[in-house]
Amino acid sequence: MEFFERFAIPHPSPIIYASMVAIGITLLAIVAGLTFFKKWGYLWREWLTTVDHKRIGIMYLISALLMLFRGGVDALMMRAQLATPDAQLLDSQHYNEIFTTHGVVMIIFMAMAFIIALMNFVVPLQIGARDVAFPRLNALSFWLYFMGAMLFNLSFVIGGSPSSGWTSYFPLAGNEFSPSVGTNYYMIAIQIAGIGTLITGINFIVTILKMRAPGMKLMKMPMFTWSALITNLIITFAFPVLTVALAMGTMDRLFGTQFFTTGNGGMDMLWANLFWVWGHPEVYILVLPAFGVYSEIISTFARRNLYGYKSMVASMVIISVLSFVVWVHHFFTMGQGAMVNSIFSITTMAIAVPTGIKIFNWLFTLYKGSIRFTVPMMYSLGFLPIFTIGGVTGVMLGMSAADYQYHNTMFLVAHFHLVIIPGVVFAMLAGLTYWWPKMFGFMLNERIGKWAFWFISIGTCVAFFPMFISGLDGQARRMYTYSESTGFGFWNMLSFAGAVMLAIGFIIIVYNIYYSTRYASRDIGSDPWDARSLEWATSTPVPEYNFAEVPQVNSSEAFWDSKYNGHKLFSGKLKEIHMPNNSGVPFIMSSLFFVLGFSFIFSIWIGVAIALLGIVACLVHRSFEQDHGYHIPVEEIEKTESELRGGK
Amino acid sequence: MKLDHSQPLEYSSEQGRLNILGFWIFIGAEIMLFGTLFASYFTLEGRHGSGPSGAEIFELSPVLIETILLLTSSFTVGLAVHAMRLKNKKAMMTFFIITLVLGAGFLSMEIYEFNHYIHEGAGITVSAFTSALLTTIGTHGLHVTLGLFWGLFILIQVAKRGFTPETANKSFIFSLYWHFLDVVWIFIFSFIYLKGMM
């Protein structure tokens with residue numbers, strides 16, 4: 001029995017036991033459902049082994065939405081606990097675990113997955129490509145991310161969740177102060193998902209640089225593709241830093257090395273520096289694709305081409321460079337001295353310039369446009385003012401002297417939520433609604449969508465504006481309770497009301513998906529928004545080969561030009577199409593990574609050895625395998641195309 | 001498959017060209033990885049705690065032998081690619097085998113060296129300095145180890161299948177990887193060992 005004791009929850013409560021039962025029942029229900037409806041084969045053939053970027057995008061999307069709800073429940077529990085002074089809903093340990101998992105889940109497993117979902121689905125279509133450069137690696141990326149996410153979520157019911165914050169600062173995260181396996185989960189689950197993300201980065205850079213349709217020069221790429229290119233460059237150069245930091249943290253915890261310890265020369269600040277050398281670029285990894293989504297949506301629904309294309313590109317490049325030289329602003333108060341703080345203050349504030357350029361470009365795109373107030377457009381318009389408030393308070397935080405007042409208060413919490421929610425979450429919801437018809441062949445209901453928008457945007461303001469005030473009054477972040485005499489009670493109650501509004505907004509979105517799936521019209525054509533870029537030039541649903549014929553491109557809005565300016569996208573001559581074969585290896589290999597990670601977390605060395613052997617076997621198999629894919633003959637393309645255009 | 005015969009074999013297919021660019025970008029990520037390790041090492045270099053310093057444990061001769069072995073192997077893998085361009089399978093395989101043997105020699109010297117450090121009381125858990133030292137060099141050593149197996153598999157494929165666009169592509173990419181490990185070693189030799197011994 002001693003072996004099994006390590007899997008016990010160190011700090012259990014009835015809620016955790018209840019969720020154990022719930023998770024068990026859900027798993028059983030899924031297995032029973034798949035067996036009953038005889039869907040195992042379908043699941044394996046069509047999804048688990050797929051290398052199609054569209055399906056991988058949809059799997060990322062589903063995972064991201066699941067994680068959104070996991071992280072959202074964490075958020076609600078925190079706001080409920082803080083709603084009244086001296087509340088007893090959660091104790092300090094549970095509160096610590098919840099804010100830690102909320103941060104990790106939302107950043108690494110929700111936001112990252114959401115942007116990669118949209119990139120996967122949209123980028124190859126926008127550049128007129130058949131798939132990404134390395135379809136099988138793409139599947140591996142997804143499954144590694146997925147297994148990392150599952151592993152992390154398991155911590156809640158097996159062994160205990162991490163509780164040292166999403167930043168996991170040492171020495172708090174070291175064995176002495178975090179003796180449970182929670183922080184092992186943090187180190188290893190993020191490591192596995194991070195490897196997947198790095199592979200995505202390399203894959204998309206090659207795809208965008210090498211697989212664009214003829215005529216699409218770099219400066220003729222749609223803005224979302226530009227943002228994806230810059231984002232993936234940042235991913236490729238930032239994630240290896242995280243890889244090293246996590247490896248060192250893992251070694252400190254499991255093998256007794258001295259990187260971040262407080263004795264024998266270890267340096268805890270090294271972790272803080274490495275973490276934020278990755279962590280700050282990570283912020284821009286999240287927000288740049290969001291900027292790309294807004295650029296597409298604003299120009300589509302203002303019915304104008306994007307204002308200042310070149311300055312949009314230049315500002316993204318500048319942001320990507322600056323993102324690597326600002327990391328110290330996350331810990332101005334941790335002893336660098338005035339000189340270093342001043343330098344990083346200046347670089348931090350400099351980022352406001354290219355970001356401001358982008359805001360003005362969107363405003364000028366809207367100026368004299370004929371605006372259609374669709375759901376994606378409403379999110380984009382809501383983003384502009386709320387994000388600006390979040391951004392301006394960021395400049396306030398960037399002033400290192402003033403930061404001594406704001407540091408680690410609710411003011412900071414308000415700031416970063418007011419950039420991340422309008423910056424990333426609004427963009428993802430906008431992008432989801434915008435590209436939904438291309439993904440699934442029907443549109444989400446506009447009226448219900450607008451209800452969700454108002455709940456979410458007003459809820460965001462109500463939830464986070466009060467934190468500016470309570471933060472300036474001195475409420476520290478990550479405190480699980482406060483006394484009545486502090487006077488924070490009113491503001492926190494207001495925040496709780498906002499959080500409930502946000503929750504209602506997300507429930508309305510779920511209802512919208514259900515409602516539209518049942519009742520929405522399937523007869524929407526291939527271009528329901530009257531859009532401008534290439535992804536709308538192929539039929540809906542998108543055939544597995546994307547485009548029957550590779551389009552000829554003349555501008556960043558080739559599809560718009562083909563509709564209104566007489567540009568000819570297709571010549572009508574079909575050729576046979578080369579396609580990659582499906583493969584189960586990415587899924588199997590990632591499952592072995594799951595076993596490897598789990599065994600590492602609990603120091604089960606036999607499991608580590610077996611999983612490593614399995615992973616090596618997968619690599620050897622891949623090395624010796626000869627897989628040339630298959631060809632779709634012209635007759636079959638013609639048949640598919642005429643079916644898709646169905647009697648038109 | 002469409003082949004472009006004006007290019008060397010490894011560049012002749014579309015997938016081959018994508019693979020090579022992808023690998024260059026991967027090397028970019030690897031530079032960041034080793035860059036982070038070096039930055040951490042330089043930060044922790046002087047923090048010996050109660051353990052020994054670099055000057056107390058470094059020995060020039062094994063390190064010099066390792067350097068000569070690895071640098072030579074980088075040269076021979078270049079000769080292997082040259083032989084491949086000349087379509088000389090036997091010469092290519094010979095140089096490839098020499099490369100792997102030299103790599104294995106490097107690795108065994110490194111294992112000897114690590115053993116020596118542990119006997120000198122400089123195990124990985126002793127101080128921040130030894131942790132950073134052994135992790136940085138160990139990561140390079142791990143890369144060499146993976147490279148040895150990977151190279152062996154490619155060698156078997158060349159022997160069985162001859163020069164095809166795929167095997168040529170794999171061999172070429174392997175040579176990029178091997179040269180890269182050589183470059184990393186030059187930095188390790190100069191900025192860890194030589195600097196540490198001064």
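**A friendly note on chain B**

1. Chain B has six helices and zero strands, where helices are DSSP runs of H or I with at least four residues, strands are E runs of at least two, and both are numbered from the N terminus. Along the sequence the pattern reads α-α-α-α-α-α.

2. Before going on, please note that this is a predicted model, in which local features need pLDDT of at least 70, side-chain atom pairs count only at pLDDT 80 or more, and totals for chains, interfaces and linings use all residues. Residues are numbered from 1 along each chain as its sequence is written, while chains are lettered from A and ligands numbered from 1 in the order in which they are written.

3. The C-alpha atoms of chain B fill a box of roughly 65 × 30 × 25 Å along the principal axes. Of its 198 residues, 41% are buried (20 or more other C-beta atoms within 10 Å of the residue's own, with C-beta atoms placed from the backbone).

4. Now pick out helix α3 of chain B, residues 60–85: its 26 residues reach 38 Å from first C-alpha to last, close to the 38 Å expected at 1.5 Å a residue (1.5 Å times one less than the number of residues). Its buried residues include B:V63, B:L70 and B:M84. Among what covers the buried residues of this helix are α4 (89–119) and α6 (165–197) of chain B. After α3(B) comes B:K87, with a positive phi near 60 degrees.

5. An unreviewed UniProt entry places "domain: Heme-copper oxidase subunit III family profile" at residues 21–197 of chain B; UniProt positions follow the numbering used here, feature names are shortened, and annotations may be inferred rather than shown by experiment. That stretch is 86% helix and 0% strand.

Definitions and conventions:
Buried ≥ 20, exposed ≤ 12 C-beta atoms within 10 Å, placed from the backbone. Contact = placed C-beta atoms within 7 Å.
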